[in-house]
Structure formats: structure tokens, C-alpha cells
Amino acid sequence: MNSPYGVFPDEDDQFTHMNKNQVVFINGGLHWLTDSCSCMLVLDLGTDVWRKIQLPHEISCGVRSRVYLLELDGRLSVIQIYEAWMVIWVMEDYEKEEWRMVDKVSLRCIRGMVPGIFPISQNDNYVYLATHKQVLVYQRNSRVWKEMFSVKDSSTLPLWFSAHAFRSTLFSCH
């Protein structure tokens, strides 16, 4: 739906339960994935205008595929987890909406964790992922997986309630 405020989210572009909380602040805008994973909804905080950004055409959501929106060293990034793979995309040109696949990682060595794993943060060298009871780190250069943290207490809430990327501030205090 068009308005003086840009494109409002419509029925085809609903936020999922997970995606309501998964927001990335880049280029002065807040970015959310849509339920259909066909695009992102962006709210430009400087102009209060909504717009859509298309995801890479190779990405699709489905029963065996999950898509997550993150930030990678100041750029938008999308991580798709499907079957035994994790594919990392980064937006190379924000204005032209050009995406590039930067890594494709086999998940075979952690296959028992794949159904419940999700990325929480990344940089050029590492991808941090959480499961029900663990935080894992994948070292992109050496292609090595390591366990960073493990919950031993069975009464503890699942880590997806508390494992979130930290960013010190959205706006400067000056």
C-alpha cells in the first residue's frame, strides 16, 4: 500500500514472531525480514518512509530453510540455513540492492544441532550461533567449529531467549 510515508507492510509482508525481534540498523534505517522471505521492509528513520529491499533471488523460505537478517561489518547480511548448509550473503551496494554470496558452510559436522541452531552475530572472521543449550563459533578462515558456551543446568531457559548480539548504541549521544 502506498502512502505519503512510502510503502506500508501489506498482508503478503507480515513479520513473523521471530522477525519482529530481529531488526538490523544500517544506513539510517531499521530493516526487518518479511514472513514470506521475499524481501525486507525498511523504515528510514530520517524521513519516516517505508520501502522494500529484495533479497537475493537464490533465497527461499520453506519447511527445511530458515533465513536470518544480521549485520556484517556495517553492511546488511542474510544467513540462510537449509538442510546441511549455511549460506552467508552480504549486500555489496545498498543503493543498487546488489547482493554477493560470501560463504557457503557445510553443517554436516554439527548436523544434530542444525534444526535448532540460529546465528546471533558475525564479523569477517567468525559466525556466532546459538542452540537450545550452546553457543558455537565458526571460524571462517580455518573452517573450524568450536563450542564457546554450554548450559549444564537442565532447568535453564533455552538460549534463544537470552542469546542476542550486542551493539553499544543506535544513536550517538552527541
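The following legends describe several close-up views of one predicted model.

**A note on reading the views.** Residues are numbered from 1 along each chain as its sequence is written, and side-chain values use heavy atoms, with hydrogens and water left out.

**View 1. The whole chain and its confidence.** The average pLDDT of the chain is 80, and 75% of the residues score at least 70. Over residues 1-5, however, the pLDDT is below 50, and this stretch has nine contacts in the model beyond near neighbours in sequence, a contact being heavy atoms within 4.5 Å. Where pLDDT is low, the predicted coordinates should not be read in detail.

**View 2. Strand 4 and its two partners.** All five of the five residues of strand 4 (residues 29-33) are buried, so this strand is largely enclosed by the rest of the structure. Gly-29, His-31 and Leu-33 are buried on one side, and Leu-30 and Trp-32 are buried on the other, so that both faces are covered. Strand 3 (residues 24-26) pairs with strand 4 in the antiparallel sense over three bridges, where pairing requires that DSSP finds at least two bridges between two strands. Phe-25 has Leu-30 of strand 4 as its bridge partner, and in the hairpin of these strands, with two residues between them, Asn-27 takes a positive phi near 50 degrees. Strand 4 also pairs with strand 5 (residues 39-44), again in the antiparallel sense, over five bridges, and here Gly-29 stands opposite Asp-44 of strand 5. The hairpin of strand 4 and strand 5 has five residues between the strands, and in it Cys-37 takes a positive phi near 60 degrees.

**View 3. The sheet of strands 7 to 10.** Four strands with antiparallel pairing form an open sheet in the order 7-8-9-10. Strand 7 and strand 10 (98-106) stand at the edges with a single partner strand each, so one side of each is left without a neighbour in the sheet. Inside the sheet, six bridges join the antiparallel strands 8 and 9, and Val-78 stands opposite Trp-89 in strand 9.

**View 4. The largest nonpolar core.** A nonpolar core is a set of buried Ala, Val, Leu, Ile, Met, Phe, Trp, Tyr and Cys residues joined through side-chain atoms within 4.5 Å, and the largest one here has 20 residues, of which Ile-81, Met-86 and Trp-145 touch the most other members. At least two residues of this core come from each of strand 7 (65-72), strand 8 (75-82), strand 9 (85-93), strand 11 (118-122), strand 12 (126-130) and strand 13 (134-139). Leaving aside neighbours within four places in sequence, the contacts of Trp-145 include Met-86, Val-105, Leu-129 and Tyr-138.

View 5. Gln-122 is found in strand 11 and is buried, with a relative accessible area of 5%. Its side chain makes a polar contact (a pair of N or O atoms within 3.5 Å; within protein, one must be able to donate a hydrogen and the other to accept it, and residues adjacent in sequence count only if both atoms are side-chain atoms) with the side chain of Ser-77, at 2.7 Å. Not counting residues up to four places away in sequence, Gln-122 touches residues including Leu-70, Ile-79, Ile-88 and Tyr-128.

**View 6. Two aspartates in loops.** Most residues other than glycine have a negative phi. Asp-48, although not a glycine, has a positive phi of about 55 degrees; it lies in the loop between strand 5 and strand 6 (49-54) and is partly exposed, with a relative accessible area of 45%. Asp-73, in the loop between strand 7 and strand 8, has a positive phi of about 50 degrees and counts as partly exposed at 42% relative accessibility.

Technical notes
Buried means under 20% relative accessible area, exposed over 50%, partly exposed in between (1.4 Å probe, protein chains only). pLDDT is the predictor's confidence in each residue, from 0 to 100.
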